[in-house]
Every structure is written in C-alpha cells, then in structure tokens.
Amino acid sequence: MNKFRLEPLAFIKWLVMSLVAVLLLQTFNIQVLNRSAYQSKTKDMVMRSKNIYAERGQIMDRNGVVLADNLRDTANKVLDYSRIFLQGKLASQIIGKLDFNGHGNMGIERVFDSRLTGVEGFRVSVQDVRHREIYSRSEDVAAAEPGKNLVLTIDKNMQEIVEKALKDGVAEFSAKSASAVVVDPYTGEILAMASYPTFDPNSKTQGIGRMSKNDIVAMSFEPGSIFKVITASAALENGIVDTNKVYPNEGRSWKWNSRANPIRDTHEYGDMNMSEAMVQSSNIVFAKIADEVGAQKLYQMASHYGLGMKTSDAFYGEESGNLKDPYTLASNSGSDLKNMGFGHAVMVTPIQMVMAYSAVANGGKLMEPMIVKEWRDANGNLVEKKEPVQVRRVISEQTAAKIRAMLNRVVNSGTAKRVASKKLNDVIFGGKTGTAEKYSQELGKYDRDHQVSSFIGLAPVENARFVCMVLVDDPQGVHAGGVTAGPIFRRIMEGIYYHPELSPVSYNLASVPAKNPCDVDFMGMTLKAAQKLASDRNCPITLQGEGDRVISQRNDMLDSVGVVLALGEAVATKMPNLKGLSLRDAFEVMGNIRMNVEYEGKGRVVAQDPKADEAIRKGTICKLTLKEKG
C-alpha cells in the first residue's frame, strides 16, 4: 500500500509560498482595500493636534495703566496661564474676577467675557516614537487670535483717592459699608467708582461674599432727601409751583389725614418757600409740593430721569429700583405720593441718582453712564471708540439753573455746611444731603436705628467738572448725610483738586497749604517710635488699647488735626476672640494677624475655627460662621 509522502524540500517550498501569499494578501489589504484606514491610524501615531492659547485682553484705566493682565507660569515644565490683577484690590469690584475655567464670573470680566477672550489657534504636531515633537515637520494650521484690550473710563489716581476716603469713612463712622462714584456730567464717563469693604482678586483663599458687590449699581434703597431734586424738577418744569411760593408753618409734624402717619421734620422752620425747604430739607413742604404736582407728573419726571430702569448694559449685577405707577401713588388718599415727594415710597440705585444730578449739572440732559472708553487690539491699535450718549433732555436749562442755585445754598447755609472746604476757597460746591431710615420687615415700620446716609455734590456748582455721590450704609452714632457722607465727599474733592495730574485748575500745586502735621502713616510702629514721631511733628495723638505696636489709625473726630492710634501686640501668637463682631471688624482684626479668612452666612460671627486663644500655626485658615439676629 503506497503512502503519500512530502519531501522535506517540497514542504519548505510550499510553506514559503504560503507565507508569501499571505503577505501579498495583507499588503493588498493594507495598500489597496483599507488604505485610508491604515493611513489614518499611522497619522494618529505620529501626529497630534494642539490648541494654541489665545491671550486674554488686558483691562486698563483711561490713561493706559494696566489693571488686569495675563501671567505665564512655567512651573513643573507645563506652560500655564492665569489672570493677574496688577493693582491688587484697586477697582476690583469694577473689574471682577475669573472662574476656574478662565472665564469672567463677575464685573467687567464677565460682562465683556466674549470680547476679552481670544480665539484659540490650532497646531499639528509631528512626533517621533518617543512622542517628542519634530518641529521641522510641525506647523500652525490656524494662529491664535488674542482678545481685545479694554480701556475703561476710570482714572487709577482718582480711584485710589475714592477708595481711601471710603475706607477712612467706614472706620470713622463705624458704618456697615460706604460707596462712592465720580462722574463727568457732560459725557457720563465714570471716573471712579468703589465700595468698601472690598476684596483682593489675586487671593485664592479669601472669602468674597458681599465684598464683591458694587453697591453703586447693585444696591436699591430709599433715597430720602436727595430725591427732593426730582420733586422740584417736576414742580418747576411743569410750572405748578414757583420758587417764591410760601408754605405755612406746620411745626415739626404735619398730620394731613386723621388715618395717615404724620410727616415729620427735624426742626420747626417756620414759613418756607421751595428754595428754603430744599436748604433746610423739609419733608413737610416737599410732601405738599408732590401733592400739588400730582401722581402722573411726578411719576413721569422720575421716569424721565431714568428711575425704575437699568442705566446701562455694561454693569454687572445692576438693579432697576422700583418706581410705583401713578395709580398706586394716588391711592390711599395720596399717601405714597406725599411720601415719594421727600424720597420714601420709591427705590432707586446710586447710579440712577448720580446721573440725575449730572443732568442738573449739565443743563438738563440725561447722559448714559460710560464705563468703557475704547477697545484696542493686541498691538494697541484702536478698534472701537465709545462716544457719549445723550438719553434725553429731562428739564430745561432754566429749571436746571434754579435747582443748582438751591443746591449751592444747601452747602453754604443748609444741611451740608460741613461739606464746604476751607482748603478750596475758590471752588464753590453745591449738593444735597439725604438720610433715609431702612424699612424693617420684622418691625413693620421704618427703623430709626438703621439708616442710609448720602450726599450728592457738584464741584463746582456752576460749570461742574465732577458730580460725586457718597453713600454710607448704617453709620453709627451720627446718621445725617451732611455729617457722614458729606465730609467724605469733601475729602474726595480735596484729594482730586490737590492731585497734580487730576486737578482741573492750573494753580493746584501753588494753592496746596502746608502739610498736615499728622499726614503720616503710624501703622506698624512701636509705641515709643510713634510717640516720638508725633512729638517731632507736633501731631496730637490719642492712644487706645494695650500693646507695644500701632495696629491701626484713624482721624480724631474731636480734633480736625489729631489722630487716634490703636495699640496691639507686635506678633500675634494666639487666636483672637471674634464672636459678636461684624464681618468688617473681623476682617480688620485678622488683617493685622495676616491670616486668610473664609466665611459663610451673614450678620455677626457666631462661631470660629481656630477657637479663641488657640495657638496660631503658619498657613492656618480662619473659618467664620455668621448669623443675623433672631
């Protein structure tokens, strides 16, 4: 029986031919049948796509001082980009901050995020087997396009003056907060705008909370007597009440209806006309004027001034306020109408009121507030220039002139006498004070212990260069706007007129008086050094607290020249007791210790970690829990 036998040589030939056939088939499959798939896979192994970072646009002041820029961090061999705020806390509530994804989440950074954010580029990177880029074969497919640079209308120097005045004012009057804004009345440009307390946008650990809020645009409040300018405008523009019409004396209280709450004045003023009522800030007379004007015309005038609506699309978190309609104002025998005449029964924002007064200053034209001056490209070329926008004419030049004359008298002989500056003898201010009690939901009535004090001033009153509003929230001890907000306004104006780059008068340096002997920073000095310096400078000082080092200073309210120095330990080793303190006071205490603070809630401190008297360790974060009463 024959068996099939394969010779060894033939078997090897057969095996080789089979392998060749398999290789040919595979080659045909790779190069012909599935060529595109394998080409793609090969490219994926040696080629990578990269997004090219696009620089975020800078934010600058009106003179080109950079406020927000980009920081390149090459630590850990990884190129990282972050936002840096070169002026620290300055104007932080205007500029805002970025979120963890590099997009604006508050302030200007958020409002104009799409224009500040650039367009990322695209790069094809060819790599070797070790995934190292072969630069000669790599190329940029699309170049990155930087974001636009934003030039604001604010002035860094003026912003510094305003923020210092607010900080000093909050300390002097033990206030919850204070805010201010300076406007060019003819263009609507905002030259400075701030609230205090504020926050550091560069800090990664500082709790922000309410400190990020720009109260000038985001706070609705009952304006009180600063609203009397609106009532006077309605009366004069409609020819209903002349400045010479005399209203009979009602004493300190006018109960116009047996069922209504009486309307009160601070003092008994006797018979008064509108001008005198503005000077003395009579609620009774302006309630009567509002009643004569009527709900429809008073509502129309307030609306024409821009109350009850947002002023601009450029402000983050802007409120609209609340303006009651004519039907509501006329109801309840006109109770709301009379109260609105002197600034109750209406909610406004500071930006609305400062623009209304700017209209009075410029002859009757309501301007749109400007915070953006222009946009530029990465090379500094002008892309877009913003022009002033006149919203409408609100009152005639004659009406505006009559109101300015009243505002001049308010400062010279009325409720704002403390506003007049002894240092600026030839700069005649005009303005109006306001003090409004806050309405308490718990009490169901206005709370005399919680008030908002304000002052809006024109500098000078004729041909005004600046209109400035100052708002003080919950001042303690003294409440009236003329003795709280008014002096802060005066200090802001003195700072501006004394500044060599800001003053609108050519003789500003020659007119600066001798330096205040107490114009010195005692902060951080030992007690002996501070006492010696004060003696050498003939500066009267008052000491408070115990310790061997000055931890804070403020102007002496009883001495226009002297200062009060608070003493404390040179080096804090134990945690202070913060329970019962307001957030502002707690931050002030912890600022001296230089410990980062995080907090939750609002009101006063009810719990703290570390606890009082615990040893302080480097790098520890103080955590506070706040709660309101009740």
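## Met493 and the packing around it

Methionine 493 touches Leu424, Phe429, Ala459, Phe466 and Cys468, leaving aside residues up to four places away in sequence. The model is a predicted one.

**The cores**

Met493 belongs to the largest nonpolar core, which has 119 residues. Ile371, Ile492 and Met493 have the most contacts inside this core. Helix 13 (residues 350-362) supplies the largest share of the core, nine residues. There is also a second, separate core of 12 residues. Among its members are Met106, Leu578, Ala586 and Val597. In soluble globular proteins, nonpolar side chains tend to be buried together.

**Aromatic pairs**

The count of aromatic pairs comes to four. Two of them are set out here.

| Pair | Centre to centre | Angle between planes | Geometry |
|---|---|---|---|
| Phe429 and Phe489 | 5.3 Å | 75° | edge-to-face |
| Phe466 and Tyr497 | 6.2 Å | 90° | edge-to-face |

Where do the partners of the pair of phenylalanine 429 and phenylalanine 489 sit in the chain? Phenylalanine 429 is in the loop between helix 14 (397-413) and strand 20 (430-440). Phenylalanine 489 is in helix 15.

Phenylalanine 466 and tyrosine 497 are both buried.

**From tyrosine 497 to serine 503**

Tyrosine 497 has a polar neighbour as well. Its backbone oxygen lies 2.9 Å from a polar atom of the side chain of serine 503. Serine 503 is found in the loop between helix 15 (485-498) and helix 16 (527-536). Is serine 503 buried or exposed? Its relative accessible area is 14%, which is under the 20% cut-off, so serine 503 counts as buried.

Residues 507-513 call for caution. Over this stretch pLDDT stays under 50. The model has nine contacts for residues 507-513 beyond four places in sequence. Where pLDDT is low, the predicted coordinates should not be read in detail.

Which residues of helix 11 (residues 295-304) are buried? They are Ala295, Leu298, Met301, Ala302 and Ser303. An α-helix has 3.6 residues a turn, so residues three or four places apart point the same way. Just after helix 11, glycine 306 takes a positive phi of about 95°.

**The whole chain**

The protein chain has 630 residues, and 46% of them count as buried. Its secondary structure comes to 17 helices and 28 strands. Among contacts with a separation of 6 or more, 64% join residues 24 or more positions apart. The accessible surface of the chain comes to about 32300 Å². Carbon and sulfur atoms account for 50% of that surface. How confident is the predictor overall, and what is the mean pLDDT of the protein chain? The mean is 82, and 79% of the residues reach 70 or more.

Key:
Residues numbered from 1 in each chain as written. Predicted model: local features only at pLDDT ≥ 70, side-chain atom pairs only at ≥ 80, totals over all residues. Heavy atoms only, no water. Core = buried A, V, L, I, M, F, W, Y, C linked by side-chain atoms within 4.5 Å. Buried < 20%, exposed > 50% of the residue type's maximum accessible area, 1.4 Å probe, protein only. Helix = DSSP H or I, 4+ residues; strand = E, 2+ residues; numbered from the N terminus. Contact = heavy atoms within 4.5 Å. pLDDT = per-residue confidence, 0-100. Polar contact = N/O pair within 3.5 Å; in protein donor to acceptor, adjacent residues only side chain to side chain. Areas by Shrake-Rupley, 256 points an atom, 1.4 Å probe, with all protein chains shown as cover. Phe/Tyr/Trp six-rings, centres within 6.5 Å; stacked < 30°, edge-to-face > 60°.
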